[in-house]
Amino acid sequence: MKKFIKRHISKRRVSFYITLLTLLFTLNSCSDFFEQDSTYIVNADKDHLNNATDTIYSLTGILNKVQAIADRTILLGEARGDLVTVNENTSADLRAIANFTVDDNNQYNNPLDYYAIINNCNYFLAKADIELRNSRNEFIFKKEYAEVKAIRAWTYLQLVTTYGRVPFVTEPIMTKEESERSYPMYDIKQVCDYFLNEDNLLSLVDEELPNYDKIKNIPSKNFMFPVRLVIADLYLWSEQYFEAAKYYVDFLNNRNGKNTIYPTTGNAAQWYSPEHWSLSNVVVSDDPWLEGSFNTEVEQSTGVNNELITMIPMDSIPSEGHYSQLRNIFNTNNQNNYKASLEPSKKIIDLSAAQVYCYNDKGDVTYVPKNLENYKSGDLRLSHTLDNRGYISVGGDKFPYQFIKKYDTKHIHIYRRTLVYLRLAEAINRAGYPRYAFQILSSGVNTEVLQDSVIPHYRADSLKIMENFNFPGTRLSNYSSAYIAISNPRSTATRNTIGIHSRGSGFTPANEYYQMPYNPNITDSLQQIAWQQDQVEEMIIDEEALEFAFEGYRYYDLLRVALRRNDPSWLAKKIQGRNGTAPSGVSADLTDKNNWFLHWKGRIGL
């Protein structure tokens with residue numbers, strides 16, 4: 001990160017950052033609690049952090065450590081899922097991840113990198129004088145203090161969901177004696193419980209993100225972890241669904257300031273018209289689903305059109321600092337001798353093709369045929385991100401071509417807006433409101449949708465729903481029931497909110513093949529809701545696959561569902577089915593929860 005910042009800082013901050021960068025080269029060695037010769041503590045030579053230079057110096061040092069786990073965060077989440085598969089070019093270490101056979105020597109199995117972040121956070125939190133004020137009586141460290149708290153909680157969540165059970169330490173490890181102590185082992189729920197109940201993270205939810213101006217036209221806020229989102233994720237993993245949903249809604253309604261909006265927008269991969277469905281002239285619209293959702297890193301802001309929320313900044317030169325290898329793992333290029341290491345699985349191809357694209361032109365509803373080439377049948381998001389139907393010629397040789405457009409980027413994406421909406425759907429469904437979750441998928445939500453399509457089905461809880469999960473209809477406009485009959489789905493002038501399924505499968509509110517599940521054989525209302533929760537959850541899981549394929553969330557999404565259902569066979573079936581009827585390559589018994597997590601030297605893991 002120091003090299004990234006050095007190249008891209010704004011001129012008006014040059015003198016300040018020169019001081020910062022000088023300090024970044026003077027780190028002292030210290031111990032961590034696994035090995036004795038590490039350089040893991042920023043500012044280890046000081047007893048206190050009590051000026052503005054200390055603040056940015058320490059936070060930047062922590063973000064530098066986060067870079068070390070950036071690629072790994074994506075690969076551990078994607079390679080173990082069911083949306084990608086290995087091939088003959090896959091490295092042994094990456095193949096072991098996909099096959100659940102990771103050993104202690106695997107390059108991606110290094111918990112020390114997580115503890116480097118945690119130990120630096122612990123040091124900052126122990127040493128920062130958070131009551132210190134400047135001459136204008138403003139707190140000097142409060143924003144950074146909240147951000148470091150969020151980074152520590154997020155890092156622990158990545159660590160424990162990867163390893164299942166980990167040593168838990170909240171004080172900085174500075175000596176050999178401290179490194180040799182026995183520390184308590186925490187599982188996922190214990191980690192979440194600490195940060196939600198014993199830490200003071202909740203009290204910092206309204207603290208603004210640190211702002212250090214723009215770095216190569218990207219606001220530095222986009223490199224920070226919002227406290228609200230981290231809290232919401234902690235509640236989601238700890239299976240406190242009502243609280244999780246409340247914080248997701250709270251983030252969406254306050255992301256751009258108090259009582260603002262953060263709508264889904266109308267970005268979608270869409271067809272121009274049925275005239276383009278012929279195989280000889282397959283053309284889709286230029287509506288920027290991918291550009292608006294994933295690839296636009298430069299000039300990102302915190303406004304209503306900003307899809308990306310948090311990125312880990314990476315370097316652009318392979319020989320310097322932390323350079324992301326994801327573009328070389330997912331795509332064919334000269335850096336990998338035109339040999340991609342991971343490729344889309346049959347599961348994601350079949351799932352995309354299984355969707356029914358609904359085209360609605362002023363009330364005239366038609367459905368896209370099922371025999372189109374190049375992933376143009378079904379959901380269009382796969383065809384907009386994946387190009388692997390040809391060859392590339394280099395020096396007289398031909399190589400299979402693969403380009404996943406989501407990895408035509410430099411930085412690692414951690415949070416984006418649609419992720420928040422789908423995690424809200426996941427939480428609100430398990431909180432007892434599957435119809436609310438379905439509307440997030442189908443029509444998009446605002447006050448009117450809740451009143452018309454949700455509250456009548458939960459009369460006793462209507463006040464609670466409105467009070468805690470309100471989206472102002474005066475500022476969020478979706479496809480109303482009256483508008484469905486006359487709408488042209490390509491028009492964006494009349495709405496800023498659409499259902500997530502409409503981002504790739506057409507005009508979902510009019511799609512007869514995409515309806516709220518209902519079992520006429522169940523007469524008890526509570527039993528009906530319980531049945532609907534499982535059905536809607538499957539729809540959410542599918543939607544997460546369609547929207548987030550290759551982005552690194554997949555395995556953790558499957559893991560959460562398997563844990564909450566206490567159903568190891570559900571997870572095993574998903575992973576074993578990644579290649580359809582062909583072998584998945586997974587030899588580990590995934591009905592055994594111990595095999596769901598990595599292990600390290602007999603000291604970390606279930």
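This is a predicted model: local features need pLDDT of at least 70, side-chain atom pairs count only at pLDDT 80 or more; totals for chains, interfaces and linings use all residues.
## A threonine inside helix 7

Let's start with Thr155, which is found in helix 7. Thr155 is buried because its relative accessibility is 0%, and buried means under 20%. Leaving out residues up to four places away in sequence, Thr155 touches Tyr114, Ile117 and Ile118.

In soluble globular proteins, nonpolar side chains tend to be buried together. In this model, the largest nonpolar core has 149 residues, and Phe330 and Tyr436 touch the most other members. Helix 7 (residues 142–163) gives the most to this core, with twelve residues. A second, separate core of ten residues includes Trp271, Trp289, Leu290 and Leu380.

Which residues surround Phe330, apart from its neighbours within four places in sequence? Its contacts include Leu75, Val84, Leu342, Ile404 and Phe550, and among them are also Glu78 and Gln402.

## Strands that pair

Now for the strands. Strand 6 is mostly covered, with five of its five residues buried.

| Strands | Bridges | Example partners |
|---|---|---|
| Strand 6 (residues 308–312) and strand 12 (residues 412–416) | Four | Leu308 and Arg416 |
| Strand 10 (residues 386–394) and strand 11 (residues 397–404) | Seven | Gly390 and Tyr401 |

Strand 10 and strand 11 form a hairpin with two residues between the strands, and there Gly395 takes a positive phi near 60°.

## A covered helix

Helix 16 runs over residues 417–430 and has 14 residues. How far does helix 16 reach from its first C-alpha to its last? The span is 20 Å, close to the 20 Å expected at 1.5 Å a residue. Helix 16 is also mostly covered: 14 of its 14 residues are buried. After the helix comes Gly432, with a positive phi near 115°.

## Positive phi without glycine

Tyr375 has a positive phi of about 60° although it is not a glycine. You can find Tyr375 in the loop between strand 9 (364–367) and helix 15 (381–385). Lys601, also not a glycine, has a positive phi of about 55°, and it sits in the segment after helix 24 (568–576).

Lys601 comes out at 45% relative accessibility, so it counts as partly exposed.

## Cysteines

Finally, a look at sulfur. A disulfide is a covalent bond between the sulfur atoms of two cysteines. How many disulfides does the model contain? The count comes to zero, where a disulfide would need a pair of cysteine sulfur atoms within 2.5 Å. Cys121 is buried, because its relative accessible area is 0%. Cys358 counts as buried too, because its relative accessibility is 1%.

Methods:
Residues are numbered from 1 along each chain as its sequence is written. Side-chain values use heavy atoms; hydrogens and water are left out. Buried means under 20% relative accessible area, exposed over 50%, partly exposed in between (1.4 Å probe, protein chains only). Two strands pair if DSSP finds at least two bridges between them. The expected span of a helix is 1.5 Å times one less than its number of residues. A nonpolar core is a set of buried Ala, Val, Leu, Ile, Met, Phe, Trp, Tyr and Cys residues joined through side-chain atoms within 4.5 Å. Contact means heavy atoms within 4.5 Å.
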